Amino acid sequence: MAKKLTDITGNNVSVMQDISGVTDITDAGNLQKNLSFLEKTIRDDYREIISSVDSHIFMTQDTPGADNGTRRIQEKALYYYVSSGDITKIDEIIATSIESTDRFPGPDSSIYGDVSDDPVLYSKYMLIASVTLATRAAIDGGLAEHIAYAISDGFLRHMDRLTNIQKINMLSNKALRTLTYAVHDYNFRNCSLITKTCCDYILRHLHDNIKMSTLSEVSHRSSNYISDLFQKELGVRPTVFIRDKKLEYAKAMLETTDLPVSAVSDLLAFPCTSSFITYFRKKYGTTPLQYRSRSSSV
């Protein structure tokens, strides 16, 4: 089952497809080609942005589609990837959306409302909204506020000088990517390369039954060594880290899909549904169904 359900959207809500407009995200060659195109398109601008971001951090570190419900679900899924520092998934979304960045129609009032009749202003308003939400998600994901706001301010200041719609939309993609990478790097900033390697593997394989022997193979260290290193650097054993990340992912799935609890449990390779429910209740103080009911009423 885990092979059939490969992303947070499940079979009932195609978030990845709706966000990107492209259904095939499995071609690694196309993915890398599109990411390279993104980098090339705004490389010079990005240097300037990051330069201003670095300066700002230094100064402050001491101080929907027609179906609005579906649009909100898509939005929650996208910004979950930002908050979790899921660089793999964000790269997939961005790479598969690049082909359509120069084909933006006029404002659709049924989706966003009549924010502007000017296509350039419309794109800028959408960028501001996207960066604002991504910044909040990054902070929720553990990124220090002064870093998150510095990145946000850097991109928005640069946006003021742009008049090309394609470059504005490219900038929006780059901001999402930068904030996601920042969350990932910041959360593991005090970790050794071995711990980072293991954590990256875990985050990319939450649908699998991750064993200590596999982490040992990935890092070329013994299971005991890895376990002690996790305890020292992250404060938890690898088994607890893996379970907590699976539960965080499950929480997002309960918000963004209508998959049965048993399907969520199977998708994330829990031993059985009852153990998933037990662990979920212990971590969040509520059952999965109760959590879904509460989140759907918000």
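In this predicted model, helix α11 gives the most to the lining of the largest cavity, contributing three residues. The cavity itself has a volume of about 90 Å³. Its lining is made up of Tyr-80, Ser-84, Gly-85, Asp-86, Leu-203, Leu-206, Lys-245, Glu-248 and Tyr-249. Sorted by class, these are four nonpolar, two polar and three charged residues.

Helix α11 also turns up at the second largest pocket, where it again gives the most to the lining, this time with eight residues. The volume of this pocket is about 830 Å³, and 31 residues line it. Those nearest the centre of the pocket are Tyr-79, Tyr-80, Ser-83, Asp-140 and Lys-251. Two or more lining residues come from each of α3 (68-83), α5 (119-140), α7 (165-187) and α11 (238-256). A reader setting up the pocket for calculation may like the breakdown by class: 12 nonpolar, nine polar and 10 charged residues.

Finally, α11 packs with helix α14 (residues 288-296), the two axes coming within 9 Å and crossing at roughly 50°. The two helices are therefore oblique to each other, and their crossing is right-handed. On the α11 side, the contact involves Lys-251, Met-253, Leu-254 and Glu-255, which meet Pro-288, Tyr-291, Arg-292 and Ser-295 of α14. Four nonpolar, one polar and three charged residues make up this contact.

Terms used:
Residues numbered from 1 in each chain as written. Predicted model: local features only at pLDDT ≥ 70, side-chain atom pairs only at ≥ 80, totals over all residues. Heavy atoms only, no water. 1 Å grid on protein atoms, 1.4 Å probe; cavity = no way out; pocket = protein on both sides within 12 Å on 5 of 7 lines; lining within 4 Å. Points joined across faces, edges and corners; volume = space filled by probe spheres on them. Helix = DSSP H or I, 4+ residues; strand = E, 2+ residues; numbered from the N terminus. Nonpolar A, V, L, I, M, F, W, Y, C, P; charged D, E, K, R; others polar. Axes fitted to C-alpha atoms, helices over the stretch in contact; angles between N-to-C directions. Parallel < 35°, antiparallel > 145°, perpendicular 65-115°, else oblique. Left-handed = near helix turned anticlockwise from the far one by under 90°. Contact = heavy atoms within 4.5 Å.
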